[in-house]
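Please read them with the model open.

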Amino acid sequence: MGVRINESKSLATALRTREAILPGVMTLILVAIFTYLSPGLSLIVTFVPAIVLAYVCYLLTSFQQMPEPRRVLPVYLVAFGVQFLHFAEEFTTEFYTRWPVEVFNAAPFELSTFVQINMVSYAAFALGAIAIYRGTKGPMLIVWFFTLMGVIGNGILHPVYPILATGEFGYFPGLYTSVIYLILGPILFHRLWEVRSDSDSDVNNDVETNSKAGGSQ
């Protein structure tokens with residue numbers, strides 16, 4: 001796995017590094033963009049909390065220790081592939097109109113805006129795959145955002161949207177492909193988060209080693 005932050009380096013010092021600051025700035029920029037593009041509260045109550053939580057998860061995991069590519073990348077790429085199927089379902093069933101109007105009582109997305117948001121997002125998600133493979137920390141913010149919003153968020157929220165829209169469960173654009181994420185989401189999250197357990201194990205091993213060394217003196 002990637003090298004975790006040196007134990008002797010304080011957290012305050014670590015948070016002043018480029019790998020912490022640039023993703024933080026990007027988080028603020030994306031919050032502003034999502035707020036500006038949001039029809040009503042649609043992106044404000046979904047994308048905005050997701051990108052903030054993604055930054056927090058990044059600081060707690062990938063920022064300190066990068067995951068093992070062979071553990072994360074296959075699941076990430078499968079989820080990324082499903083996202084294209086999900087977009088196709090949303091596009092053909094006019095999610096861009098029904099979601100803002102029926103769920104948030106807001107104006108619909110312009111079709112061109114909806115397509116542009118998705119295509120730019122997919123380009124960023126592709127760069128996230130490269131970041132996993134190369135062990136580059138900063139873009140892992142995007143990996144976490146895709147995991148939390150694109151995978152887990154879609155899997156949880158799409159079954160809820162028809163209830164919010166009509167008061168009863170039924171089909172809502174994007175529902176069928178979102179069900180796949182109920183399986184992929186927990187797996188991907190676990191494999192990104194598991195570096196926390198590895199880091200704790202390393203710390204405990206260091207403590208035991210130091211204790212033994214001290215006792216032998």
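1. The model is a predicted one.

2. Of its 23 lining residues, Phe-47, Gln-83, Glu-90, Asn-118 and Asn-154 are the closest to its centre. The elements that contribute two or more residues to this lining are α4 (69–92), α5 (95–104), α6 (111–134) and α7 (140–157). How many cavities of 30 Å³ or more are there? The count is one.

3. On the overall fold, the protein chain has 11 helices and zero strands. Of its 217 residues, 41% are buried. Among contacts in the chain with a separation of 6 or more, 79% are between residues 24 or more positions apart.

4. The accessible surface of the protein chain is about 11300 Å². Carbon and sulfur atoms account for 65% of that surface.

5. Thr-177 deserves a separate look. This residue lies in helix α9, which covers residues 175–178. Is Thr-177 buried or exposed? Its relative accessibility is 13%, so Thr-177 counts as buried, the cut-off for buried being under 20%.

6. Leaving out residues up to four places away in sequence, Thr-177 touches Val-82, Leu-85, His-86 and Glu-89. With His-86 there is also a polar contact of 2.8 Å between the two side chains.

Methods:
Residues are numbered from 1 along each chain as its sequence is written. This is a predicted model: local features need pLDDT of at least 70, side-chain atom pairs count only at pLDDT 80 or more; totals for chains, interfaces and linings use all residues. Side-chain values use heavy atoms; hydrogens and water are left out. Helices (H or I, at least four residues) and strands (E, at least two) are DSSP runs, numbered from the N terminus. Buried means under 20% relative accessible area, exposed over 50%, partly exposed in between (1.4 Å probe, protein chains only). A polar contact is a pair of N or O atoms within 3.5 Å; within protein, one must be able to donate a hydrogen and the other to accept it, and residues adjacent in sequence count only if both atoms are side-chain atoms. Contact means heavy atoms within 4.5 Å. Accessible areas come from the Shrake-Rupley method with a 1.4 Å probe; for residues, only the protein chains shown count as cover. On a 1 Å grid over the protein atoms alone, a cavity is a set of points where a 1.4 Å probe fits but cannot get out, and a pocket is an open set with protein on both sides within 12 Å along at least five of seven lines; lining residues have an atom within 4 Å of a point. Grid points are joined across faces, edges and corners, and a volume is the space filled by probe spheres set on the points.
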